[in-house]
Protein chains: 2
Amino acid sequence: MVRFVTFEGGDGTGKTTQIRALASYLTSKGKACLVTREPGGTDLGAMLRRVLLEAGGAPIAPSSELFLYLADRAQHVSEVIRPAVAAGTIVLCDRYTDSTLAYQGYGRGLDLALLRQFNSVADDGTRPDLTLLLDCPVDVGLGRTAHRQKQSQSDAPKEDRFEREKLEFHDKVRSGFLKLARQEPERIRVVDAARPAEEVSLAIREIVDKAMN
Amino acid sequence: MVRFVTFEGGDGTGKTTQIRALASYLTSKGKACLVTREPGGTDLGAMLRRVLLEAGGAPIAPSSELFLYLADRAQHVSEVIRPAVAAGTIVLCDRYTDSTLAYQGYGRGLDLALLRQFNSVADDGTRPDLTLLLDCPVDVGLGRTAHRQKQSQSDAPKEDRFEREKLEFHDKVRSGFLKLARQEPERIRVVDAARPAEEVSLAIREIVDKAMN
């Protein structure tokens, strides 16, 4: 039974658009859906999200950053994800444990075995049934986020820390995500996200329909 | 060489008073001293301290709480403790890794081996040379914090989450601290904190003088 679906992938791969499209599709089929995200799916998480993505002042130490993401996740699982799944709702979550492995592990070089242990404390056994990995070349993804920021200047979105980081880092993250997908091909399905959004949506619906039936 | 000294113990054992007294003493002997605390020794930490001790809204999940303390520590080590120790300053820190073991481990029942591993990521090899464990019966300590709160009502101190918790929890924490001291008697020195503050200060000076010479 597919109840808990996560969306993973680099910045600008279209996760937010696609998660909304899938939620509309499932809702139209009469399935109760909850859309949530990390960091930020709880009050605590919203505060941590601001700290993580708009940090001013002293730079956040890599291990401190890791623990903030884990604190966000632990609260998110306990307060939102687990109760919703238990109530029979389909939970669609923008980023989850694989992001920790891809960003902090493959990206920043923290030990993967240790990160998996940390994840298992944070998720407390709540694992995704299906993960959609939205994959596209790093320059395509970052080009989209640059465009998005230019378009919405009136909303004063801050150029966030991650988006300031180098292409090299994002390349490591992308190949990390793809390695994870090769390790768990049943759970993690790679979706080519360089295509037009409509085509990506159709591909995702097909995967989800098959997984649910 | 004793450079990094931590103060541990339950609420109301006099850590704040004693750490200040020791700092005055060391400064009067011409030694540069930095007094800091967890949670809260950095800008990030100050914010996390507010979250942890004055939480409103949904209760913080135990594992989320743990990760917030670790995030605070990782930042504190990287931004404050390690640079100060490297510069030859004596660092006096109010709570550190032993508090994680006593509160989250012995108090809340999280796995001690795992907590030690988490601590080692957060402290990144920065370990105390000396730890002063201020020990007194739980009812004495909690009686002091109740008195302190009554005295300073005009400052509107919130009764914090920890201080609302049951005596039973604090008993487990106290005996946890004492177990840690038995495991590392060279580093962790137990100081009877039920005595008048002046006597406690003298006992601490004696331990520190011996350790430094």
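## What counts as a cavity

A cavity here is a set of grid points where a 1.4 Å probe fits but cannot get out. Its volume is the space filled by probe spheres set on those points. Keep in mind that this is a predicted model.

## The sheet in chain A

Start with chain A, where five strands form an open sheet in the order β2-β3-β1-β4-β5, with parallel pairing. The edges belong to β2 (33-37) and β5 (188-192), each of which pairs on one side only. On average, neighbouring strands of this sheet are turned by 20 degrees against each other, direction ignored.

Now zoom in on one pair. Strand β1 (residues 4-8) and strand β4 (residues 130-135) of chain A run parallel and are linked by four bridges.

## A helix across the strands

Helix α8 of chain A, residues 167-183, lies across β1, β4 and β5 of that chain. Relative to β4(A), the helix runs at about 145 degrees.

## The largest cavity

How many cavities of 30 Å³ or more are there? The count comes to three. The largest holds about 150 Å³ of space. It is lined by 16 residues, and the closest to its centre are B:Gly10, B:Thr13, B:Cys136, B:Val138 and B:Arg174.

Three elements of chain B give two or more residues to this lining: β4 (130-135), α6 (138-151) and α8 (167-183). Which element gives the most? That's α8(B), with four residues. By residue type, the lining of the largest cavity splits into eight nonpolar, five polar and three charged.

## The second largest cavity

Over to chain A again. The second largest cavity has about 120 Å³ of space. Among the 16 residues lining this cavity, A:Gly10, A:Thr13, A:Cys136, A:Val138 and A:Arg174 are the closest to its centre.

Here β4, α6 (138-151) and α8 of chain A are the elements that give two or more residues to the lining. The largest share, four residues, comes from α8(A), the helix that lies across β1, β4 and β5.

How values were computed. Residues numbered from 1 in each chain as written. Chains lettered and ligands numbered in written order. Predicted model: local features only at pLDDT ≥ 70, side-chain atom pairs only at ≥ 80, totals over all residues. Heavy atoms only, no water. Pairing = 2+ DSSP bridges. Axes fitted to C-alpha atoms, helices over the stretch in contact; angles between N-to-C directions. Contact = heavy atoms within 4.5 Å. 1 Å grid on protein atoms, 1.4 Å probe; cavity = no way out; pocket = protein on both sides within 12 Å on 5 of 7 lines; lining within 4 Å. Nonpolar A, V, L, I, M, F, W, Y, C, P; charged D, E, K, R; others polar.
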